[in-house]
Amino acid sequence: MDINKILQEEFGVSPQHLTNTIQLIDEGNTIPFIARYRKEMTGSLDDQVLRELADRLVYLRKLDETRQQYRDAITEQGKMTDEIAAALDNAQTLAVLEDIYRPYRPKRRTRATIAKEKGLEPLALAIFAQDLTIPAADLAVGYINEDLGVADADEVLAGACDIIAEMISDDADHRATLRKLFNEKGFIASAATDPEAQSVYEMYYEFNEPVKKLAGHKVLAVNRGEKEGFLKVAVDVEEADAINLLERAINAGNMHTKQIISDTISDSYKRLIQPSMEREIRNTLTERSEEGAIKVFSTNLRQLLLAAPIKDKVVLALDPGFRTGCKIAIVDGIGNVLYTGIIYIHQPDNAKRALLVEIDKHNVDIVAIGNGTASRETEALVADLLRDSGRKVLYTIVNESGASVYSASKLAAEEFPDFDVALRSAVSIGRRLQDPLAELVKIDPKSIGVGQYQHDMNQKYLSDALGGVVENCVNTVGVDLNTASPSLLSYVAGISSTVSKNILKHRETEGKFKNRKQLLKVKGLGPKAFEQCAGFLRITDGDNPLDNTAVHPESYPAAQQLIAKNATIKSDVKSLAAELGIGEPTLRDILQELAKPGRDPREEAEAPMLRSDVLTMEDLHEGLKLKGTVRNIMDFGAFVDIGVHQDGLVHISQLADKFVKHPFEVVSVGDIVDVTVLSVDVAKKRISLSMK
């Protein structure tokens, strides 16, 4: 198998660019570094394509490795033929390879292996070859052997049929034919284990849908319903269709074997093939659905992490609570904690007075309220306070998903050893409003709350994908070397968790970094790591203004020449690149950085929506028009925060006046959108919205 040729066709990459890309990956370069600083070598492949290419490269190499393992195993058994060798060579997926190797794979004891131990394989082969000249029952008499546990002709024939059934089940061509049937005409059905039980899975209590049309989120929902004991799930096709396909393929025609073969085909399908196909189809559906869900989660996460920061604003953050009170944390414009305290919302007058004192004392600009328990009551109190006081202070609701995970973590304990868990959570709420990226990197991406069914997925694949998203976002924005936390630094290309802590120690002992070259003095950060990370780290007010840009140190000579020439993004790029001896993509990137040094790409994103008054679900009615913030996106629609502590759903059919294939075509996480209320179900806490 020519891996390079396959990758060229799948990704539309030229042979030279592909060769370069594979070489860069094999040399241990990070994806962000390759995407940003090796554009000439890759043909400017972006981060996402590079990750997909790298994953596909791993799969194809694994495929080749498995192919050779199976070739060696079959050869060692003395069963290799030209036909098998050709089939192995032509296999394009692991599933096909597994089908080819299935008959030769060492098996646990089955009914067929037991029959073979009794010496019945020659009879089975003769029956299956359909060249008997006498009835099979007569021939079976010669195989009776009480010492081997075969007492009569019926037992002999039963054992021979077990062997034939397994041969049919193991045949790669038969499995390929039935796999196609299951995929094209199969259906997945679910039913309630208890029809009277109330659950979120009620729409799946009498569910039946074709395999080829089944949406990914439905697959994951059915899987979870089955796991939690509410559903029974099956995948099947019309049994007669499947058996007819097998009978036509085997073409049982000998008068002495026709009925036996026909009965054995039926047994093979019902006992061996159908259960196996059901498992396989469900696994395939689940893997495909997980892959789709991970892509949705990744896109949501990227949009959330790249949300616009609110800079240089003093934030009063509230982590709502009833019994234990509402925790307060005030953080200054760069996230330093100025004050912590507690109020009790069941004592509204005292709470308002306390808040007003701190708002005045610390010149608070924005109040950030977590959206957890007691959020609604806390918002009402804050809205009353701000309205009555007449002060120019606004508030916003902050999604606190993951804040409790962070606050109970070892990292939070190290950062705030003197704070209790709830106070740490309040600080996190305030900081994630100021700089979502810097704060959310401290939390396991799975806990951030912008995905679906994340706890039911393959956790390694999910973690790898989301980790890649965080890494991409961090390196896209860049990191201030002198202020970044170890959590943020650890996502910079080439910097491990250990090295990130060593950078912090170096700052504490040696003071602020004055230039990027000083990174080489950090323990564990050698030339290779420096090459990978240097361009993504920023130093403000350092020795060299270029250290506050995304220009890589290897390109400083070219950048300095461009500065001397007063070159701009409108300059003749082609002639300049030839003169400086650098590639045009690199030159364009340098010119862009020189035009806006220290720019933050997140500044182009829409700022969070700030409020001054409060709504409740009881205030909503059909036709009411509101503004809201997109909080989460699923395959079937978008959830929008309209300020009532219960996100409303804009179904995919209500996102636009045109047909929408996926919500990402219309909305992104963090978008401020205009919506109209379609319906409100207070009892079930469901709000239906439209963007039409």
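In which sense do β14 and β15 pair, and over how many bridges? The two strands run antiparallel to each other, and five bridges join them. Strands here are DSSP runs of E with at least two residues, helices are runs of H or I with at least four residues, and both are numbered from the N terminus. Two strands count as paired if DSSP finds at least two bridges between them.

Before going on, a word on the model: it is predicted, so local features need pLDDT of at least 70 and side-chain atom pairs count only at pLDDT 80 or more, while totals for chains, interfaces and linings use all residues. Residues are numbered from 1 along each chain as its sequence is written, and side-chain values use heavy atoms, with hydrogens and water left out.

Back to the strands. β14 and β15 belong to a closed barrel of five strands, in the order β11-β12-β13-β15-β14, with mixed pairing. On average, neighbouring strands of this sheet are turned by 50° against each other, direction ignored. Those angles are taken between axes, which are lines fitted to C-alpha atoms.

Most residues other than glycine have a negative phi. D312 is not a glycine, yet its phi is positive, and K685 is another non-glycine with a positive phi.

| Residue | Phi | Loop between | Relative accessible area |
|---|---|---|---|
| D312 | about 60° | α15 (258-305) and β4 (315-319) | 64% |
| K685 | about 55° | β14 (672-681) and β15 (686-690) | 53% |

Technical notes
Buried < 20%, exposed > 50% of the residue type's maximum accessible area, 1.4 Å probe, protein only. Axes fitted to C-alpha atoms, helices over the stretch in contact; angles between N-to-C directions.
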